[in-house]
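Colleague: Could you take a close look at one part of this model for me, the aromatic residues and what surrounds them? I would enjoy a connected walk through it.

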Amino acid sequence: TAYWNIMSSAGTNGTNGTDVGTTLTTQGDILYRDGSGLQRLPKGTANQVLKMNSGATAPEYGNLSSDFVKLASVNSNDVSASTYTFDNCFTEATYQSYQLHLNITFSNQNHPHMRFLDSSGSVLSGSNDYKRCGYQGYRAYTDNSSSTLGAWNDGVGTNAFHMSGWNINNNSQPHSIICDFVIPKPTESSLYKSVHTRAGGYSSGNWFFGSGATHQYTGSSAVRGFNIFNPAGNITKLYATLYGLKK
């Protein structure tokens, strides 16, 4: 003691967050500093993400928000039914646009069809309610040559939409179809519901791509969903995902 003097020594454990061992108490805790000192952020729940709070002053956990949301999907290699239904999928308060990605095969040579469901879930099949507003088509042959098509085989003014301009060729190859729905108010009976379809696939020895047709449902009914069907056989394979685009 004649030759040594203490220059610095530990004080007592702090109570203001400086004692990290007592501040972080649970597995998954995160340490951060606020305006006065070190603070503990408890772990979030499953699938939450770390983000800044609304005042941009501290981190917090919250749910990941997206404007492009998966609403429903089906992945089946053996549907064995003439119809597949997407019911209760139109949510007026959240979405006004939807997109369907579809890969489908049939048991026979036919067109994929689509119809809306009314507010009770019944199929809307009124004559002359489904109208085609316009179309374009394109076919690429197996020898890589190409030619334009004169018409999208659609059935103007019938009781259903034709989702593709060409027949599915007896389950030998799938059709790939994208449908864009514009339904600003599904519960409003006086507003038309618009669907644009574009498709690609294989038919009668030729590969094709169709740039699509625009359809309108002009019937005076609210809609809550839709179905896809084969009018003269079964859907055999169906891989489909429906997305909603937030307002």
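Modeller: Happy to, and please keep in mind that this is a predicted model. Let's start from Phe 181. Setting aside neighbours within four places in sequence, Phe 181 is in contact with Phe 90, Gln 96, Ser 97, Tyr 98, Leu 100, Met 114, Phe 116, Ser 194, Val 195 and Phe 226. Phe 181 counts as buried because its relative accessibility is 1%, under the 20% cut-off.

Is Phe 116 buried or exposed? Phe 116 is buried, with a relative accessible area of 0%. Phe 116 and Phe 181 make an aromatic pair with 6.5 Å from centre to centre and 65 degrees between the planes, an edge-to-face arrangement. Phe 116 belongs to strand S8 and Phe 181 to strand S12 (residues 175-182), so this pair ties together parts 65 residues apart in sequence.

One aromatic cluster is formed by Tyr 84, Phe 86, Phe 90, Tyr 95, Tyr 98, Phe 116, Tyr 130, Phe 161, Phe 181, Tyr 217 and Phe 226.

The nonpolar core brings back some of these names. The largest one has 32 residues, and those touching the most other members are Leu 100, Phe 116, Phe 181 and Phe 226. Two or more core residues come from each of strand S7 (95-106), S8, S12, strand S13 (193-203), strand S15 (225-229) and strand S16 (235-246). S7 gives the largest share, six residues.

The charged end of Arg 115 sits over the ring of Phe 229, 4.1 Å from the ring centre. As for cysteines, the model has zero disulfides. Cys 89 is buried, at 8% relative accessible area, and Cys 179 is buried too, at 0% relative accessibility.

Methods: Residues numbered from 1 in each chain as written. Predicted model: local features only at pLDDT ≥ 70, side-chain atom pairs only at ≥ 80, totals over all residues. Heavy atoms only, no water. Buried < 20%, exposed > 50% of the residue type's maximum accessible area, 1.4 Å probe, protein only. Phe/Tyr/Trp six-rings, centres within 6.5 Å; stacked < 30°, edge-to-face > 60°. Helix = DSSP H or I, 4+ residues; strand = E, 2+ residues; numbered from the N terminus. Lys NZ or Arg CZ within 6 Å of the ring centre and 35° of its normal. Core = buried A, V, L, I, M, F, W, Y, C linked by side-chain atoms within 4.5 Å. Contact = heavy atoms within 4.5 Å. Disulfide = S-S within 2.5 Å.
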